[in-house]
Amino acid sequence: MKISILGRSTGRGRRGRTSAAVALGAVLALTATACGDDGSGSGDGAEGSGTGKIVFWDNNGGVRTDIWKEIIADFEKANPDIDVQYVGIASTEYQSKVDTAIQGGGLPDVGGISASMLAGFAAQGALEPLDERLEGSSLNGKLNKDMIESLRAAGGGDDQLYSVPTSANNGVLYYRTDMFAKAGLQEPTTWDRFFEAAEKLTDKGSNRFGYTIRGGAGSIAQALDAMYGQSGITSFWDSTGKKTTVDDPRNVKALEKYAALFKKVTPAADLNNDFTKMVAQWDSGEIGMLNHNLGSFQDHVKALGVEKFRGIPQPVGPDGKRVQVSNPVDGIGLFKSSKNKDAAWKFIEFATSAQSNSKFNESAGQVPAHQDAAKDAWIAKAEPTKLAAQALSDGSTTIVQLPYYLPDWNTISKADNEPNFQKVLLGDMTAKAFLDGLAEQLNEAQAEWDEQMG
């Protein structure tokens, strides 16, 4: 299976600046769940005895809590001399919690580290390089090479691996097959059909809507996906590699059309919806379509059954080609301050083994990183995962690589611009002004990165 590599090619070199992503309001340092310590080692971290307590922070707490607790129970059964303390942190709060702990102390031993946040943590020197550990482990040669390189590229310019991949995600358009059939609508495989269905399925008087838009936390990536998908632009940077294409006139036009859906064919509550609220709203209401990713598939199955919905790859443009932005590869990292790195690595190795990786991804509905797990029978039964894997490998899809390697990417794409996107939805800011401001920040961040890399 071919997974497109995230990031961009960079020179080698050490990072010199810290991330600006520390949120002032994130005071909770979780000191009660600081690094597991078996009594050995220094404050700078140590290998430890390979036994005792370690602490694991889940970067998608609540959503993935049950499956992680199951994997932890399996691990503790196989390693009775190691105790794993689980801490679930909501995805919307995870970066600020880690940044606060980096500055003030209290980091765990192990944590979920996706490509989207990796550069910021690595730039602060918080993560342990993992290449040597991986090469000497049972995982060597067993993990998807493209996922590994995705995380390597996202880590920055020193070409080191700071996170072991667990899964790859992909954007999915979920739609209610029962509502489409009743309205006599064709499957929304093109953007024209998508917009037509969004309008025809909306009946505000009956509290039915054609679409639910993400206006709260995490809104920027979804907006970029819809924007590049419509415009057909296939690169995040122009030919010079110094100027972003987000403010290209074709993207401005596409965002105007997409943002105009708000309150016209969507619930007004969408303005503040993060993915959990958006998914719950779609599962419990009469809404025709939802853009999310493979991660919510099992939620929809539980709520609706497999008969009432389908999850298909993102729509194609007029030329029949599909363009979408990259979804970050997820993984597990080892924090450098851990005083029990040997035990922590044992947990990472177990959690990304074939059996555990298959179990995790079957629950999450995502593409496994372990090559043996990717062959398991459940993938053929999970239609969105199967279709996503095909779309990523059959040449039908072009991926616009987001600049996860920029230490400021998460801050720019979240804290700095999510409030402005809400203004666009409300009509208080034009799509052009929003994209011009986003482009200015991105171009500046890229210039700083190029200067740092030499």
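Rings of Phe, Tyr and Trp (for Trp, the six-membered ring) make a pair if their centres lie within 6.5 Å, and the planes count as stacked when under 30 degrees apart, edge-to-face when over 60 and tilted for the rest. By this rule, there are 23 aromatic pairs here. What you're looking at is a predicted model, where local features need pLDDT of at least 70 and side-chain atom pairs count only at pLDDT 80 or more, while totals for chains, interfaces and linings use all residues. Residues are numbered from 1 along each chain as its sequence is written, and side-chain values use heavy atoms, with hydrogens and water left out.

View 1. Phe75 belongs to helix H1 (residues 65-78) and Phe350 to helix H12 (residues 341-351), so the pair links parts of the chain 275 residues apart; helices here are DSSP runs of H or I with at least four residues, strands are E runs of at least two, and both are numbered from the N terminus. Buried or partly exposed? Phe75 counts as buried, at 0% relative accessibility, but Phe350 is partly exposed at 22% (buried is under 20% relative accessible area, exposed is over 50%, partly exposed is in between, with a 1.4 Å probe and protein chains only).

**View 2. Tyr174 and Phe309 form a tilted pair.** Here the centres are 6.1 Å apart and the planes make an angle of 55°. Strand S5 (residues 171-176) holds Tyr174, strand S8 (residues 309-313) holds Phe309, and 135 residues separate the two. Tyr174 is buried at 0%, and Phe309 counts as buried too, at 4%.

**View 3. Phe347 sits in the largest nonpolar core.** Such a core is a set of buried Ala, Val, Leu, Ile, Met, Phe, Trp, Tyr and Cys residues joined through side-chain atoms within 4.5 Å. Leaving out residues up to four places away in sequence, Phe347 touches Ile54, Phe56, Trp68, Ile72, Phe75, Val84 and Val110 (contact means heavy atoms within 4.5 Å). Phe347 also belongs to one aromatic cluster with Phe56, Trp68, Phe75, Tyr86, Phe350 and Phe360.
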